[in-house]
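This briefing concerns the arrangement of sheets, helices and aromatic rings in the structure shown below.

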Amino acid sequence: MRILVVEDEAIVGRDIQASLVRCGHTVKHVLQSGEAALERLETEDLPDLVVMDIGLAGAMDGIETGAAIRERHSVPVLFLSAMSDEATLNRAKQAGAYGYLLKPFNERELHSMVEVAAARHASEQHLKATSARHLGTLKSIAHAVLATDLIGRITFLNPAAETITGWTAADAQGRYVHEVFKISYPTGEAVGVGDDPVGNARSVMLTTRDGALLPIEDNTTPLRDSEGSLCGLVILFRLRGEDSDEDNATRALETSTGDELTPWAQLAGMVTGIADPIIAVDPQWKITYVNEPASRLLHKPRRELFSADFWGQFPKSAHSRYYQRLHQSLVRNEPAEFNLHLDTLALWFQARCYPFANGLLILLTDITGRKTADEQQSKLDKLESLGYLARGFAHDFNNLLTVLLGNLSIAGMRAPDDAPYRAEIDEAKRATLQAQTLVQQLLVFAKGGAPIRRRTDIGAFVERWFKGHQRKKNISYKLDLEDNTGFAEVDPEQCRRVLSNLIVNSEQAIADTGSIQVKVRRTSSAHAYGDDSDNLIDGPWVEWTVKDDGQGISPSDLPQVFEPYFSTRQNANASGIGLTVCESIVKAHNGGITIASEPGTGTQVTVRLPAAVPIVDTTEPKNSGKSTSRPGSETPALTRSVAPTGLRRVLILEDERLIRHLLAMNLTTGGYEVVATEEGSEAVAAFQKAHDSGDAFDLFITDLTIPEGMGGTQAMEQILAIDPDVRAIVSSGYSDDPVMARFMDYGFSAVLPKPYEPRQLLELVEEVLSSR
């Protein structure tokens, strides 16, 4: 596409231009003011799209300029802004924005928004052209065409209809159809409800505006909007016999003495074939008309429903909920619209009520599918909000857990082996770790929690997890480990959640007695793997399967097992997020997860993760360089003593007083000299002073986020400028921060997620200081 960029920041404008060009578009100009953009559009060929910053140099801002461009040239405008306040958004909407992209944004987001804006504009142009063509056709055809809204008010009359009825389109506009289109049967016989279904032509007499009777044939069809909801009627009619024998029409005109049809009779002839249930009532709530879909909904023949009490056809709860709304529509003679739920049928309807012939016309459109989708989206929105909330308090919550876990660990180390309270300390530690797991599970479920990868022996990892798992007495467990399963670059904490969720699901699927088998193997097979096989990287793979002989999953439920909140268990603890979390974690590792199950035979879940490339080390170990592991590392290493050889200096940056005190105490106990700071600039100054004095720090341990000052990342940038070879550990309760997932990119040697135990801290410190 040809795109014009309007951005007052020259560097940003050139960056946007480069991004759009890389996506295959043409950007000839980058202008800095609205006035310049309007002037350029007057003198050059119009672009396909304008990408417009809202804050511009000059008198006009981007929204004013965009509105002018839309009005003068009908060119779509995509707005860019760092402002997300409601007033700005409303102004952009009123200006006809085709998109609104918040700064900062990446190239993929810009490209997607440009494509959406272009597609929307093309669709609107096509619709305008189609509408104009159809309107021209309706006006030019010889047959008379009359259109109404849902309650029978005329919205369109073509010239042929004007000629036959004697009404002009301007005079007929807004009048009820029975005022303009007065019809009767020639014989005067009674009109049976539904005698003339929609779509069938009928022969009737039309009373024109000046009182003349004309024989016509008419055909009525429902008019629906883009969502399929009924919004009106179209009546196509012509003089009877006008195409074959004009004398027949004249003879019929001379001999006809028909009776005018009542509004209800006209309604019956026009709406019988409509697919939505329609019920008409009089002021006493007696049913005067029902169509066939309404008869099926109420499970009664139409003949039985005529003159029956309207409220008697619904549960008593419907009367208490909806009587007031329907009554107001009836007595005030005004339309009403609301959602109606029939509990006994488990159905949702959109009820649209219209005053008609002293009564009320009620149209019921089934919206059960839409309500179900809305409820599902509402759940997802709540989950997303919960994810933001979880991330917001994860930092503070994990800080508190770090203090709890640290002090419990110290208490456990100081307690005698035979202390009666040791079991309670261990139980409290387990509960602390479970609390951290819940927060992490929420973050992963909300698409947060980027994996903090490290090289892990999957076989040994599964074996260790299995040994620590509390087993059910009624279930036999079997672990089948293939030799040399190999390593994978994974986040062990997240993989523990996957394995735990799968085992818990299997345990809950076994009602009485049964078995669970876990198998770990290495595979390089290239066969398709699940629905996302095209998105998986090439093998080899490390694979584990969890198989049980529980109740299994029905074929109808199987495609939904990875959907949020879906669960086949009915108890209150069934959250329906376990497998969703598993899928999120596995996909974040570029892996795949599949499930196979049959009712009564059990379920097998297979997880496949990319295997790590073997490392061939031909160098001699040296006590220099950087480490890439963290506490509880699964990476094989030489056995070392936790106690360091010689006094080493450690600089701490931690704003939380309790954690800062705990860190200093643990490191001092471990034989390190510690300097503790609580703000980034203070830490940089201390590091600079020590470096200049020749007594440099051996290690820098920093929290990632300092709410009221320089954070760990900024402090690390300045410290690297002082000493490019500094060894540093970053720690945070924000497990989904990109620094935690790609710590080496920011110059850190290792990562320490909160909460952690003192033992893990000391092991990691020694590993970073001792490893290459």
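In which sense, left-handed or right-handed, does helix 20 pass helix 21? The crossing of helix 20 with helix 21 is right-handed; a crossing is left-handed if the near helix is turned anticlockwise from the far one by less than a right angle, and right-handed if clockwise.

The model is predicted: local features need pLDDT of at least 70 and side-chain atom pairs count only at pLDDT 80 or more, while totals for chains, interfaces and linings use all residues. Residues are numbered from 1 along each chain as its sequence is written, and side-chain values use heavy atoms, with hydrogens and water left out.

**Helices 20 and 21**

- Helix 20 (residues 680–693) and helix 21 (residues 712–722) have axes that come within 9 Å and cross at roughly 15°; helices (H or I, at least four residues) and strands (E, at least two) are DSSP runs, numbered from the N terminus.
- Axes are lines fitted to C-alpha atoms, for helices over the stretch in contact, and angles run from 0 to 180 degrees between N-to-C directions.
- Helix 20 and helix 21 are therefore roughly parallel to each other, a term for angles under 35 degrees.
- G680, V684, F687, Q688 and H691 of helix 20 make the contact with A715, Q718, I719 and I722 of helix 21, where contact means heavy atoms within 4.5 Å.
- This contact of helix 20 with helix 21 comprises five nonpolar, four polar and no charged residues; Ala, Val, Leu, Ile, Met, Phe, Trp, Tyr, Cys and Pro count as nonpolar, Asp, Glu, Lys and Arg as charged, and the others, Gly among them, as polar.

- Five strands form an open sheet in the order 26-25-27-28-29, with parallel pairing; two strands pair if DSSP finds at least two bridges between them.
- Strand 26 (672–677) and strand 29 (750–753) are at the edges with a single partner strand each, so one side of each is left without a neighbour in the sheet.
- On average, neighbouring strands of this sheet are turned by 20° against each other, direction ignored.
- Four bridges pair strand 28 (residues 728–732) with strand 29 in the parallel sense, and S731 has L752 in strand 29 as its bridge partner.
- Helix 20 packs on the sheet, where it touches strand 25 (648–653), strand 26 and strand 27 (699–703), and its direction makes about 160° with that of strand 25.
- Helix 21 also packs on the sheet, touching strand 25, strand 27 and strand 28, at about 155° to the direction of strand 27.

- An open sheet of five strands with antiparallel pairing has the order 14-13-17-16-15.
- Its edge strands, strand 14 (287–290) and strand 15 (336–342), each pair on one side only.
- Strand 16 (residues 347–356) and strand 17 (residues 359–366) run antiparallel and are joined by eight bridges; F349 has D366 in strand 17 as its bridge partner.
- Helix 13 (residues 316–332) packs on this sheet against strand 15, strand 16 and strand 17, and its direction makes about 155° with that of strand 15.

**Aromatic pairs**

- The structure holds 11 aromatic pairs; rings of Phe, Tyr and Trp (its six-membered ring) pair if their centres lie within 6.5 Å, and planes under 30 degrees apart count as stacked, over 60 as edge-to-face and the rest as tilted.
- One of the pairs, F181 with F237, is tilted, with 4.9 Å centre to centre and 50° between the planes.

Key:
Parallel < 35°, antiparallel > 145°, perpendicular 65-115°, else oblique.
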